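Welcome! Please take a moment with the sequence and the 3D view below, and then we can walk through some features together.

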Amino acid sequence: MNTPALEVQNLETHFFTKAGVLRAVDKVSLTVPRGAIMGLVGESGSGKSVTGFSLLGLVDPPGRVVGGTIRIAGEEVQGLEARAMRSVRGRKIAMIFQDPMMTLNPVLRVDTQMTEAIHAHERTSRRAARARALDALEKVGIPAAKERLKAYPHQLSGGMRQRVAIAIALLNRPDVIIADEPTTALDVTIQAQILNEVRGLARDFGTSLVWITHDMSVVAGLVETMSVMYAGRIVETGPVDDVLDRPLHPYTRGLLDSVPEIGETRRRLSPIPGMTPSLANLPSGCAFAPRCGHATPICGAVPDLVAYRAGQSARCHHVLAPRVAA
């Protein structure tokens, strides 16, 4: 039971295009203990979602996982044949997509889709599968769950559809769930409800979550540890409170400074200058250097991910000192 739910070592996912080889995921390593919730944070284009798809073997051509290991509950799944990987998805690792219609079939009733997800991995009676589906809907907070089972996706609100997608991910009690910004399109009150329910479900089921997001407020209220990605690499990782209160990497500091704070009427927001670099034309050395106010000639060399505090590491030649309160 001490085996982590998810262990990823030096994961590499490349896209082979006419513009060249794009290193979308560049030697990413992650460890998620059983029952833990880890946040994976970064701007659009940083490689977060591709990392999630890589873990489930869902990268389509011209993309391909070219290196690294992926262990789920101690079992190596990287390199499995397509048929073997299908048996792993849903049973050992599942995904909640940003758009629930990537999970739901618009022409099938909810009960049909949920029972098929169960029968894909085990033999059980139709009645038992339906009872499990009903229980899963109730656990994610869907009112009148028995009636919702008979509904088609278009008859449900966006929040309801996302709850159904979460319930489907939980049906076979996988060791790990990858959640790819599943609450981004929802209003704030529904988002808060779902986040609270997800936290309880992870605790009750013992399922580990990797929560992919760009929203620092979601990270602060949900996860225990977090990793920050930039241009395909992990640039900082550690306990969420340490990373948010005392960031080591200038990019992490930039993300935090870009978020308005309630009650702060005088502080000007400090957006990160420039744009995320093209993966087809990454700068040599530190990819963040062209946008970083701390960059010096040494940043022409690729920095290693180094531990600077207990449990907190950063990939930077100029780690930040703690900010002194005014």
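## The largest pocket

The largest pocket has a lining of 22 residues, and those nearest its centre are Arg89, Gly90, Thr103, Ala117 and Ile168. Its volume is about 540 Å³. The elements E6, H3 and H6 each give two or more residues to this lining. By type, the lining residues divide into 13 nonpolar, six polar and three charged. Here Ala, Val, Leu, Ile, Met, Phe, Trp, Tyr, Cys and Pro count as nonpolar, Asp, Glu, Lys and Arg as charged, and the others, Gly among them, as polar.

How is a pocket found? Rolling a probe the size of a water molecule over the atoms shows where empty space is left. On a 1 Å grid over the protein atoms alone, with a 1.4 Å probe, a pocket is an open set of points with protein on both sides within 12 Å along at least five of seven lines, and lining residues have an atom within 4 Å of a point. Grid points are joined across faces, edges and corners, and the volume is the space filled by probe spheres set on the points.

## About the model

This is a predicted model, in which local features need pLDDT of at least 70 and side-chain atom pairs count only at pLDDT 80 or more, while totals for chains, interfaces and linings use all residues. Residues are numbered from 1 along each chain as its sequence is written, and side-chain values use heavy atoms, with hydrogens and water left out.

## Salt bridges

The structure holds 15 salt bridges (a side-chain nitrogen of Lys or Arg within 4 Å of a carboxyl oxygen of Asp or Glu). One of them joins Asp175 and Lys92, whose closest N and O atoms are 3.5 Å apart. Asp175 lies in the loop between helix H6 (158–170) and strand E7 (176–180), and Lys92 in the loop between helix H2 (82–88) and strand E6 (93–96), so the pair ties together parts that are 83 residues apart in sequence. Helices (H or I, at least four residues) and strands (E, at least two) are DSSP runs, numbered from the N terminus.

Are these two partners buried or exposed? Asp175 is buried at 18% relative accessibility, and Lys92 is buried at 11%. Buried means under 20% relative accessible area, exposed over 50%, and partly exposed in between (1.4 Å probe, protein chains only). Both residues also belong to a network of salt bridges that links Arg34, Glu75, Lys92 and Asp175. Elsewhere, Glu76 and Arg71 meet through their side chains in a salt bridge (4.0 Å, N to O); Glu76 is partly exposed at 29%, and Arg71 is partly exposed at 31%.

## Aromatic pairs

There are four aromatic pairs, where rings of Phe, Tyr and Trp (its six-membered ring) pair if their centres lie within 6.5 Å, and planes under 30 degrees apart count as stacked, over 60 as edge-to-face and the rest as tilted. In one of these, the ring centres of Tyr251 and Phe288 are 5.3 Å apart with planes at 65°, so the pair is edge-to-face. Tyr251 is buried at 0% relative accessibility, and Phe288 is buried at 4%. Together with Tyr230, Tyr251 and Phe288 form one aromatic cluster.

## Helix H1

In helix H1 (residues 48–55), the buried residues include Lys48, Thr51, Gly52, Ser54 and Leu55. They cover an arc of only 160° around the axis (taken from the directions from the helix axis to the C-beta atoms), which puts them on the same side of H1. After H1 comes Gly57, whose phi is positive, near 65°.
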